[in-house]
Amino acid sequence: MNTNREQSLLPDDLRVFLTVIRKNGFNHAAEALGYSPAYVSKRVSILEATLGARLLHRTTRRIALTDDGERVRVWATGFLGDMDDFISELTDSRQQLRGSLHICSTFGFGRNHVAPAITTLSQLYPKLEIRLDVFDRVVDIVNEGFDLEIRVGDDLPSQFLGKKLVSNRRVLCATPEYLERRGTPQTVDELAAHDCLVLKERNNAFGIWNLARGGTEESVRVSGPLSSNNGEIVLRWALSGAGIILRSLWDVKPMLESGELVQVLNDYSQSANVWAVYPTRVSQSAKLRVCIEFFEQHFHELSLG
């Protein structure tokens with residue numbers, strides 16, 4: 001084997017190794033990276049040869065880190081992050097911002113708002129490699145290898161840093177046809193008698209809507225024949241006249257303006273601010289700082305539109 005060739009790929013091999021750990025296997029890592037499982041296995045073997053240490057216990061069912069593997073995992077995570085930051089800091093202009101950025105968000109907000117923003121971000125910084133993953137579950141951004149989460153809602157994890165990007169709130173609404181058929185609720189308590197389209201989102205309590213009015217918060221238990229873990233599905237149901245939804249103003253504002261939906265209990269809403277959440281280890285990253293500033297300006301301009 002060509003030792004110089006192996007060592008020249010050390011950063012790439014470290015990234016492959018960390019992906020194998022995060023994905024808990026060579027096949028899943030290969031799928032995430034766009035390589036074959038055989039190639040991923042080869043790169044990890046070359047890394048072990050380069051470092052002179054066995055990093056993984058391999059069985060037919062699972063992989064596990066050796067003691068040396070755990071030390072390399074910790075070191076590699078810091079090393080690769082520092083290397084990307086160092087490259088970014090060396091550039092003379094923000095237009096030359098480079099490195100990789102792994103972002104996550106929820107399905108609905110990620111697809112409808114974060115993805116279009118990333119299109120613009122990529123055009124501004126073409127040397128920046130950006131990956132966006134979307135989930136409707138709680139994400140451990142450190143252990144799953146993310147640099148940044150764009151998060152809707154104020155239930156922020158205490159172990160991470162957070163910066164508010166833009167104010168937002170959720171409102172109650174339904175179609176005129178539904179309200180004509182079932183009546184318009186005049187109090188929060190009347191929601192219990194309505195078909196409420198419940199969204200099971202992340203770790204929020206299912207069927208509990210926490211609504212605020214004038215600084216006072218009330219919790220109401222709601223139910224209905226339809227529920228989902230996907231906000232876009234629930235919105236479609238609402239537009240078909242199936243019931244009342246609690247949905248982000250960003251998503252329903254055009255429909256409220258067109259009359260497709262009507263806001264009910266206008267004095268009540270639920271805070272749903274948009275946040276950038278990131279690990280402390282990347283808090284000094286130049287590319288992360290620039291990207292957060294971009295998202296803040298981008299979403300602020302949208303909110304004014």
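Author: One definition is needed at the outset: a residue counts as buried under 20% relative accessible area, as exposed over 50%, and as partly exposed in between. Please note also that this is a predicted model.

Reader: Is aspartate 133 buried or exposed?

Author: The relative accessible area of aspartate 133 is 14%.

Reader: Which class of accessibility applies to arginine 131?

Author: The side chain of arginine 131 meets that of aspartate 133 in a salt bridge, 3.2 Å from N to O. The relative accessibility of arginine 131 is 34%. Because the middle class lies between 20% and 50%, arginine 131 counts as partly exposed.

Reader: What is the N to O distance in the salt bridge of arginine 247 and aspartate 251?

Author: Both arginine 247 and aspartate 251 are buried. Their side chains meet in a salt bridge with an N to O distance of 3.4 Å.

Reader: What is the order of the strands in the five-stranded sheet, and which strands stand at its edges?

Author: The sheet is open and its pairing is mixed, with the order E4-E3-E5-E15-E6. Two of its strands each have a single partner, so one side of each is left without a neighbour in the sheet; these edge strands are E4 (128-135) and E6 (161-166). Neighbouring strands are turned against each other, direction ignored, by an average of 25°.

Reader: At what angle to E4 does helix H6 run?

Author: Helix H6 comprises residues 107-124 and lies across E3, E4, E5 and strand E15 (274-278). Its angle to E4 is about 175°.

Reader: Which element gives the most residues to the largest nonpolar core?

Author: The largest nonpolar core has 27 residues, and Phe109, Leu148 and Phe299 are among those with the most contacts inside it. E3, H6, E5, E6, E15 and helix H10 (286-304) each supply at least two of its residues. With seven residues, the element that gives the most is H10.

Reader: Which residues does phenylalanine 109 touch, leaving aside those up to four places away in sequence?

Author: Phenylalanine 109 belongs to the residues with the most contacts inside the largest nonpolar core. Leaving aside residues up to four places away, phenylalanine 109 touches Val114, Ile150, Val152, Trp250, Val274 and Phe299.

Reader: Where is aspartate 136, and what is its C-alpha to C-alpha distance from asparagine 230?

Author: Aspartate 136 is placed in the loop between E4 and E5. Its relative accessible area is 19%, and aspartate 136 is therefore buried. Aspartate 136 and asparagine 230 are 94 residues apart in sequence, while their C-alpha to C-alpha distance is 7.4 Å.

Terms used
Residues numbered from 1 in each chain as written. Predicted model: local features only at pLDDT ≥ 70, side-chain atom pairs only at ≥ 80, totals over all residues. Heavy atoms only, no water. Pairing = 2+ DSSP bridges. Helix = DSSP H or I, 4+ residues; strand = E, 2+ residues; numbered from the N terminus. Axes fitted to C-alpha atoms, helices over the stretch in contact; angles between N-to-C directions. Contact = heavy atoms within 4.5 Å. Core = buried A, V, L, I, M, F, W, Y, C linked by side-chain atoms within 4.5 Å. Buried < 20%, exposed > 50% of the residue type's maximum accessible area, 1.4 Å probe, protein only. Salt bridge = Lys/Arg side-chain N within 4 Å of Asp/Glu carboxyl O.
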